Amino acid sequence: MPKIVFLATDIALYGLIVAIAFYVWHALRTPTLRQTWRSVLHDRVAMAAAVVLIVFLVIAVLDSLHFRPLLPPAPGAAADAAPAYSTRTLSVLDWMLETPREAREKSYSIPLGTHGYAKESIVVDGKTIRDYPRLQFGGAHLKDTEAEWAGDVARRSAVGLLGGAVAVVVLWLAVAALRKRPRTSLASSLEAIWRQTTEVPWRSMLITASVLLLFAGWVAALWSAYHVLGTDQTGNDVLFQALKSIRTAVVIGSLATLATLPFAIVFGILAGYYKGRVDDAIQYLYTVLSSIPSVLLIAAFVLMIQVFVDKNPQMFETALQRADIRLFLLSAILGLTGWAALARLLRAETLKLSELDYVQAARAFGVSNANIMRRHILPNVTHVVLIVAVLDFSGLVLYEAVLSYVGVGVDPTTNSFGTMINSARTEMSRDPIVWWTLTAAFAFMVALVLSMQFFASAVNEAFDPRARAFRIRRPKPSSAQPAVQPAPAPAIASD
Amino acid sequence: MINYIIRRIGYGLLILIGVNLFTFLLFFTVNTPDDMARMNIGGKRVTQDQIEKWKVERGYDKPLFWNSKAEGLGKLKNTIFVERSVQLFAFDFGASDSGRDIGYELKRRVGPSIALAIPTFILGIFVVIVFSLLLVFFRNTYVEFWGVTLAVFLLSISSLFYIIVGQFFFSKLLKLVPISGFAGGADLFIFLALPILIGIASRLGGEALFYRTMFLEEIGKDYVRTARSKGLSETVVLFRHVLRNAMLPILTSTVAVLPLLFLGALIMESFFGIPGLGSYTIDAINSQDFAVVRSMVFVGSVLYIVGLILTDISYTVADPRIRLA
């Protein structure tokens with residue numbers, strides 16, 4: 001049995017998933033919430049984006065199940081000796097992708113390459129010549145690389161795409177079979193999906209999933225023998241790094257948002273409910289916080305973490321734990337420094353709510369202030385919280401890259417899009433240029449952020465019909481004027 | 001009006017005091033000068049003597065708030081708090097941890113920073129307004145559909161990509177502008193063209209979408225209908241009537257952009273080698289020069305608060321209905 005390791009961010013991420021599951025359960029039981037979410041479920045773009053997001057989430061979760069593998073017993077050790085565990089902590093994702101993880105080259109190599117990217121002195125037939133060295137892993141099974149490479153890549157691609165296609169067919173049939181009503185044929189169910197007469201936009205979701213599956217099959221087939229996206233300066237597989245970076249992005253995006261909530265909710269509601277002095281004090285607090293340039297504030301906190309980690313090395317057994325605590329604290333800091341915007345919104349919303357009749361009635365009945373806030377105000381501002389949470393996620397993912405560049409982001413040993421872009425900076429000015437690290441980071445980041453944007457916009461619109469979200473709607477010939485929204489009362493500081 | 005401005009400035013000062021207290025707590029009590037010294041000297045084995053010497057050189061050996069050894073007012077004045085925090089209000093920044101005068105550095109670097117920030121800001125607002133008004137002008141057509149799609153896409157790209165790809169494309173491939181550097185005079189334009197362009201592009205997506213919703217909110221109002229029924233052309237309606245009325249929320253949002261401008265300047269200046277305040281800050285963070293970071297926190301907050309007050313004043317200019325009591 002390997003020794004299971006729980007890192008701080010792992011536990012937080014599991015907690016988050018449990019919380020989301022709880023929310024789903026709650027939403028299913030509440031008719032109004034069910035109705036609101038239904039409009040998200042029926043949005044084609046949002047659901048296609050959700051499919052992509054789920055794939056990212058699954059990768060992040062797989063990468064969050066950590067363990068330390070059991071080492072084979074030392075020769076001559078007693079049979080009942082305590083089992084020895086490796087000092088390296090692996091995740092399930094690491095374990096699944098063992099081949100590319102272990103296949104290390106010396107330095108850069110291009111995607112699907114068979115030779116190194118820089119000339120080296122190599123010995124051929126007893127003579128030392130300068131040439132591009134063969135890679136240890138990439139295309140190592142080929143004898144004559146020039147002649148065989150194209151055919152091999154094509155063959156593997158075909159096999160991979162075929163595998164993907166089979167998975168696609170199975171998926172479509174499975175969905176059609178699961179959603180079909182009794183006494184109707186499978187074909188009619190498939191036809192309904194294709195003609196988009198289903199309530200949930202299955203066709204959009206399935207097409208997205210199909211593209212992803214074909215892509216995954218193709219990549220998987222090539223990955224068994226090549227570095228699909230090349231290798232970086234130290235010879236590590238770039239695609240593997242990009243996959244590992246997903247977890248960092250998801251952790252930062254979700255945990256940092258989560259960390260803002262307690263401050264924002266407590267302070268925002270208190271300020272809006274009590275008004276007067278309390279309001280002044282809280283407004284002062286968040287104006288102070290937001291007037292400090294956030295990068296500097298975060299930098300100050302991160303330098304503190306560094307001091308803390310350096311002072312207490314005994315608390316962290318492995319390098320991964322040390323890096324992880326930094327990621328965890330970074331998320332906490334992003335939360336600590338970023339709650340002002342949400343608190344401001346919640347304050348305004350609470351100000352509005354606390355004048356409404358039902359709150360006045362509760363007050364007249366003698367319900368305590370704490371109970372009014374908990375039972376009457378909080379449930380009615382959750383939509384604001386939800387909207388801001390989903391909207392903030394993508395911003396935080398982008399922000400992480402900037403912070404890593406400034407040098408106050410994640411630990412340099414942690415894989416993240418920020419560290420990848422950082423290394424790409426020098427690579428782009430090399431000659432010949434190394435473009436694949438940047439491309440990989442770009443593609444993965446855009447996919448994650450873009451799908452989150454689309455999903456967030458649908459959630460925003462569902463929960464706040466007057467939403468200022470962007471709306472991408474294909475123009476229809478007979479479309480009426482867009483729904484006109486009343487202007488919000490401008491927040492004028494006219495005291 | 002004067003009364004109001006004075007009151008806003010007073011509140012601004014109060015905020016500034018809060019900022020200062022907060023940074024002081026963060027940098028001197030949570031993180032003791034000993035920690036700073038240890039990080040700054042670096043290395044695992046740092047002797048106590050080295051730390052003491054480092055602190056004496058930089059004046060961090062004094063007590064935090066109360067110097068019982070000094071005489072008279074010196075009891076208060078001869079402390080880290082007064083020397084390092086209160087003095088900031090007189091714009092006396094003292095020496096950085098590497099021994100250079102921060103005030104002098106700031107004076108030298110503020111010019112390049114302004115040369116970058118102001119054109120980015122003004123041109124940026126102009127481009128965003130034109131782009132979003134065009135989206136509104138072509139509403140319910142494919143132009144809008146693809147325009148919005150483009151904006152969402154632009155929004156989803158990290159600003160670092162814009163810089164790296166922009167440098168690669170314009171400087172390395174096309175060789176139009178130098179990759180990085182800075183010079184005064186006529187060369188200024190060549191060096192700043194690309195950073196300004198990228199600064200605008202990286203903000204375009206998000207802000208255009210925001211402005212567009214602002215305009216769409218205005219466009220359904222009665223006065224717009226009246227203007228149309230008078231027979232005014234759509235262009236006049238949009239650029240004269242809608243734009244003016246949507247200015248108010250736009251003004252509010254530009255304040256929110258001010259800190260972003262600072263952040264944008266941080267990475268932009270360090271990527272393009274512009275010797276401004278942003279690159280100074282990044283260098284300070286990397287070399288863990290806390291004195292500079294503290295001063296920059298102060299300067300950044302001052303800028304933010306000035307922006308806040310200017311916005312409040314500009315409301316009255318943009319909308320005569322608002323009376324500041």
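1. Helices here are DSSP runs of H or I with at least four residues, strands are runs of E with at least two, and both are numbered from the N terminus.

2. Before going on, a word on the model: it is predicted, with local features needing pLDDT of at least 70 and side-chain atom pairs counting only at pLDDT 80 or more, while totals for chains, interfaces and linings use all residues. Residues are numbered from 1 along each chain as its sequence is written, and chains are lettered from A and ligands numbered from 1 in the order in which they are written.

3. Back to α12(A), where 14 of the 19 residues are buried. Buried requires 20 or more other C-beta atoms within 10 Å of a residue's own, exposed 12 or fewer, and partly exposed lies in between, with C-beta atoms placed from the backbone.

4. Helix α1 (residues 8-29) of chain A and helix α12 (residues 319-337) of chain A have axes that come within 8 Å and cross at roughly 45 degrees. The pair is therefore oblique; angles under 35 degrees count as roughly parallel, over 145 as roughly antiparallel, 65 to 115 as roughly perpendicular and the rest as oblique. Axes are lines fitted to C-alpha atoms, for helices over the stretch in contact, and angles run from 0 to 180 degrees between N-to-C directions.

5. On the α1(A) side, A:A8, A:T9 and A:A12 meet A:D324, A:I325, A:L327 and A:F328 of α12(A), contact meaning C-beta atoms, placed from the backbone, within 7 Å.

6. The largest nonpolar core has 189 residues, and A:I298, A:A299, A:V406, A:A441, A:F455 and B:V293 have the most contacts inside it. Such a core is a set of buried Ala, Val, Leu, Ile, Met, Phe, Trp, Tyr and Cys residues joined through C-beta atoms within 7 Å. Leaving aside residues up to four places away in sequence, A:A299 touches A:V406, A:V408, B:I285 and B:V293.

7. A:I54 sits in helix α3 (residues 44-62) of chain A. With 14 other C-beta atoms within 10 Å, A:I54 is partly exposed.

8. Finally, chain A as a whole: 17 helices and five strands, with 40% of its 495 residues buried.

Technical notes
Contact = placed C-beta atoms within 7 Å.
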